[in-house]
Amino acid sequence: MVQILIRGSVDGSSPPEWLMVELQGEVVSRHNSGLAANIMGDLLYTQEGTPVLIVGHHILYGKQLKLEKPFAVLTKHSSQLQDSLGSQDHGDGSEDVTQGAMETNQQGPASTSYTVSALIKRKLIFKTRPKPIITNVPKKV
């Protein structure tokens, strides 16, 4: 049996809450360099609480929804085991399950655990097409 250890935060505080952003269509970078570590646009809220996403010369209006089932963002940690792990039987039908290790093909015992980095409980949906931002309309002379 494979046991996977998932830990909360070290100091006992709750993990930060992130938002999921759902867009219509696809987002492509200008220079085909990928989207990782690049700024996509500006996320703002109106006074009424409506999310507004400005990407280049386009504006998108969305809405915020609560997810039916929240997501957890996990960070994987691997380390060498220092003692044997398992469960202890107390004889009364109850057992204490200690930290478990995943089975690997590496030499020597290794332990894999996961830490909850963040929780995603809400998402922003931008399902309408982007509208162009026009700031200066030239007048015909």
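So, what share of the contacts in the protein chain with a separation of 6 or more comes from residues 24 or more positions apart? It's 72%, where a contact means heavy atoms within 4.5 Å.

Quick caveats before I go on. This is a predicted model, so local features need pLDDT of at least 70 and side-chain atom pairs count only at pLDDT 80 or more, while totals for chains, interfaces and linings use all residues. Residues are numbered from 1 along each chain as its sequence is written, and side-chain values use heavy atoms, with hydrogens and water left out.

Okay, the overall picture. We've got zero helices and ten strands; helices here are DSSP runs of H or I with at least four residues, strands are runs of E with at least two, and the numbering goes from the N terminus. Of the 141 residues, 16% count as buried. Buried is under 20% relative accessible area, exposed is over 50%, and partly exposed is in between, with a 1.4 Å probe and protein chains only. The accessible surface comes to about 11,700 Å², and 52% of that belongs to carbon and sulfur atoms. Those areas are Shrake-Rupley with a 1.4 Å probe, and for residues only the protein chains shown count as cover.

Now the sheet. Four strands make an open, antiparallel one, in the order β3-β4-β5-β10. Strands pair if DSSP finds at least two bridges between them. At the edges sit β3 (42–45) and β10 (131–132), each pairing on one side only. β3 pairs with β4, residues 51–55, over four bridges, and D42 stands opposite I54 in β4.

On to salt bridges, meaning a side-chain nitrogen of Lys or Arg within 4 Å of a carboxyl oxygen of Asp or Glu. The whole structure has two. One joins E17 and R122, at 2.9 Å from N to O. E17 is in β2 (17–23) and R122 in β9 (110–126), so this pair ties together parts 105 residues apart in sequence. Then there's K123 with E22, closest N and O atoms 3.0 Å apart. Here too distant parts get linked, K123 in β9 and E22 in β2, 101 residues apart. K123 counts as buried at 18% relative accessibility, whereas E22 is partly exposed at 35%.

Last, the surface. I4, I6 and L74 make a nonpolar patch of about 280 Å². Patch residues have over 30% relative accessible area and no salt bridge; like charges are joined within 9 Å, and nonpolar side chains (Val, Leu, Ile, Met, Phe, Trp, Tyr) within 5 Å. I4 sits in the segment before β1 (5–7) and is partly exposed, at 48%.
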